[in-house]
Number of protein chains: 2
Amino acid sequence: MADPEQALVDGIRAASRQMVRELGFMQATLAATDYPASAVHALIELGKHGSMSAAAIAACLGLDKSSVSRMLRKLVDAGELTETVSDHDGRIKNLSLTARGRRTLAAVEAYGRRQVEEALQHMAPEARGLVHAGLEVYARALAQARSGAAGAVISPVRICPGYRVGVIGRVTEMHGLFYARHAGFGQYFESQVATGLAEFCGRLQRPGNGLWVALQGERIVGSVAIDGEDLGSGLAHLRWFIVDGAVRGGGVGQRLLQAALAHCDGYGFAETRLWTFAGLEAARHLYEARGFVLGEERQGRQWGETVTEQLFVRPGVAG
Amino acid sequence: MADPEQALVDGIRAASRQMVRELGFMQATLAATDYPASAVHALIELGKHGSMSAAAIAACLGLDKSSVSRMLRKLVDAGELTETVSDHDGRIKNLSLTARGRRTLAAVEAYGRRQVEEALQHMAPEARGLVHAGLEVYARALAQARSGAAGAVISPVRICPGYRVGVIGRVTEMHGLFYARHAGFGQYFESQVATGLAEFCGRLQRPGNGLWVALQGERIVGSVAIDGEDLGSGLAHLRWFIVDGAVRGGGVGQRLLQAALAHCDGYGFAETRLWTFAGLEAARHLYEARGFVLGEERQGRQWGETVTEQLFVRPGVAG
DNA sequence: TCGCAATGGTTGTATAGTGCAACCATATTT
DNA sequence: AAATATGGTTGCACTATACAACCATTGCGA
């Protein structure tokens, strides 16, 4: 294990330890209620899923079913939950929150929210998206490492049109990191991306041009642009298409592409073109699924490393 | 509370809940030992600090001193710890790890590290720095919100010279976000930063020029550059000086400035100049502490918002 | 159709970690 | 020298937990 890697791992461990302590997960009771941590988590899960069986809660919380059974009994006695026997399976009791339970949950939520909000007050505003994205990626990776399954929290990613602050930097960064890793590109490539994108954003308002970003919270995790000017009249140039590694494989690329191509079709471009590099198979599949076909290939040395550049072309909708 | 804010808070809460569960903090025993979570945490703290009193451990873990006392008794009986009465205060027992304790701790560390490493395998490589930075900023903010004190994990920030992949994007992004918030700048400003920095990085090798980044792990959290060409011969131009909000106030700015000015003095520039905006008091203090004096002020409208631009000048070392 | 295994849930029992309160020994302040 | 504060221990009660045995219901296969 290389040394920086070791430092990364230890840093993550130290921070999560600290975080767990600060959030009070080692205290017997949680979130300003008189219920134990497991009961609070059960309430939260019930609030999220509506109605669950005891076994489902046990699986979800990683506790023995006997512990869960007793814990639920107390919550029912306290009037937080009701249990109704399932009508299609006499063994199962469906648990759900009572009005009182919903009030309790609301109080728990308010407490937790306030705690987080106060923490957010104590950090630089720019760092908030970072915290969110970091926690989420980590939680998902932990779940995957444990069980192979992908089922975990993923905040929704939305596609938004237009410039927003930081997009030039972020898109440049994503390109720089991705192509350094996958093609060995360096400073010259990153400078080209930065310059081109900076120039393009200055004429984003002109007809035919468009930029879409994928946002997770307020963090930019993907982008695509249509340059309607630089290839000549009637030609749409698809540029700066990239998806952050944190959300790759989640359909974000498809949605970005769809937004960009809907714009192309709506505007009436005769053709959409894009340049890419051989070997990026995931991207190629996306292109071909959207009607792009490989037009031309050539060796390119301009980026510092020798790569095979590929032109993909997609005809516009028949006018 | 605005809606996106709400979504951010809830997203952070969901992710941290998930993370705590995945890490097994709700299990009675932890990290593949037979010791309870609190004992494991105590071992870790002792490993970190070398020798501590029981009270210090209790404070650190947020537990009652009686619980800690008993827990430590067991660890001593198990041969993991030794206790020696302090020589300058008869009440205090100094606790430290025995050889056996260090072995146990090593096993705990190995287990935890493997867990994290496996999780890292399940995420995009680009996201690793993000996870680290996010957790760390959050843990620190939680600690500050709880106790006002700043004492918490902060991974060391190091200053490194030269270009590295992603720096153009990251520095552009940091500038864009910071000045959008503090001066209302928008796309035009961000484009200027991107273009200028991209151009500068292309001639970074030329004599007199220099770029330094502040790195936390592999994440870029600050930058400064000396452009030895654009103001004319003998003049150093300090540009792209910025520190990420996540580490602001931690001396990173000072260290960046020192690196840049050491370069200026070593190279023998007659004068170092920088342009900034009125109102950025923290930065101004840094400049003045390093020998810069305000030279000229003028109103500028070029960035989209009216601001007062300030020229600061620092003479070179007497040749 | 009947029996048997599997599943959902409950209860008995033992264990262990925890906090509170009272306590002792030592140090510090008045 | 007395009062107070601090570090640490012990008695006590509480509670969350796991394990194992158990019951009721369901579903499957012979």
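Which residue just after helix 3 of chain A takes a positive phi? Gly62(A) does, with a phi of about 70°. The model behind this report is predicted.

**Helix 3 of chain A**

Helix 3 of chain A covers residues 54-61. Three of its residues, Ile57(A), Ala58(A) and Leu61(A), are buried. Look down the helix axis, and the buried residues fall within an arc of 100°, so they line one face of helix 3. Gly62(A), with its positive phi, comes just after the helix.

**The nonpolar core**

The largest nonpolar core has 146 residues. Some residues have the most contacts inside this core. In chain A they are Leu135(A), Tyr138(A) and Leu238(A). In chain B they are Leu135(B), Tyr138(B) and Leu238(B).

**Aromatic pairs**

Over all chains, the count of aromatic pairs is 22. A pair of aromatic rings is described by the distance of the centres and the angle of the planes. Two pairs are set out here.

| Ring pair | Distance of centres | Angle of planes | Type |
|---|---|---|---|
| Tyr179(A) and Phe277(A) | 5.6 Å | 75° | edge-to-face |
| Phe185(B) and Phe277(B) | 5.3 Å | 80° | edge-to-face |

Why are these pairs called edge-to-face? Planes over 60 degrees apart count as edge-to-face. The planes of Tyr179(A) and Phe277(A) are at 75°, so that pair qualifies. Those of Phe185(B) and Phe277(B) are at 80°, so this pair does too.

Now place the rings in the chains. Tyr179(A) lies in helix 7 of chain A (residues 167-183), and Phe277(A) lies in strand 8 of chain A (residues 271-277), so their pair ties together parts 98 residues apart in sequence. Both Tyr179(A) and Phe277(A) are buried.

In chain B, Phe185(B) lies in the loop between helix 7 (167-183) and helix 8 (187-202). Its partner Phe277(B) is in strand 8 of chain B (residues 271-277), so the pair ties together parts 92 residues apart in sequence. Phe185(B) has 3% relative accessibility, so it counts as buried. Phe277(B) has 12%, so it counts as buried too.

Ring pairs also build a cluster in chain A. It links Phe178(A), Tyr179(A), Phe185(A), Phe189(A) and Phe277(A).

**A charge over a ring**

Arg298(B) lies over the face of Trp275(B). Its distance from the ring centre is 4.3 Å.

Note on methods: Residues numbered from 1 in each chain as written. Chains lettered and ligands numbered in written order. Predicted model: local features only at pLDDT ≥ 70, side-chain atom pairs only at ≥ 80, totals over all residues. Heavy atoms only, no water. Core = buried A, V, L, I, M, F, W, Y, C linked by side-chain atoms within 4.5 Å. Buried < 20%, exposed > 50% of the residue type's maximum accessible area, 1.4 Å probe, protein only. Phe/Tyr/Trp six-rings, centres within 6.5 Å; stacked < 30°, edge-to-face > 60°. Helix = DSSP H or I, 4+ residues; strand = E, 2+ residues; numbered from the N terminus. Lys NZ or Arg CZ within 6 Å of the ring centre and 35° of its normal. Arc of directions from axis to C-beta.
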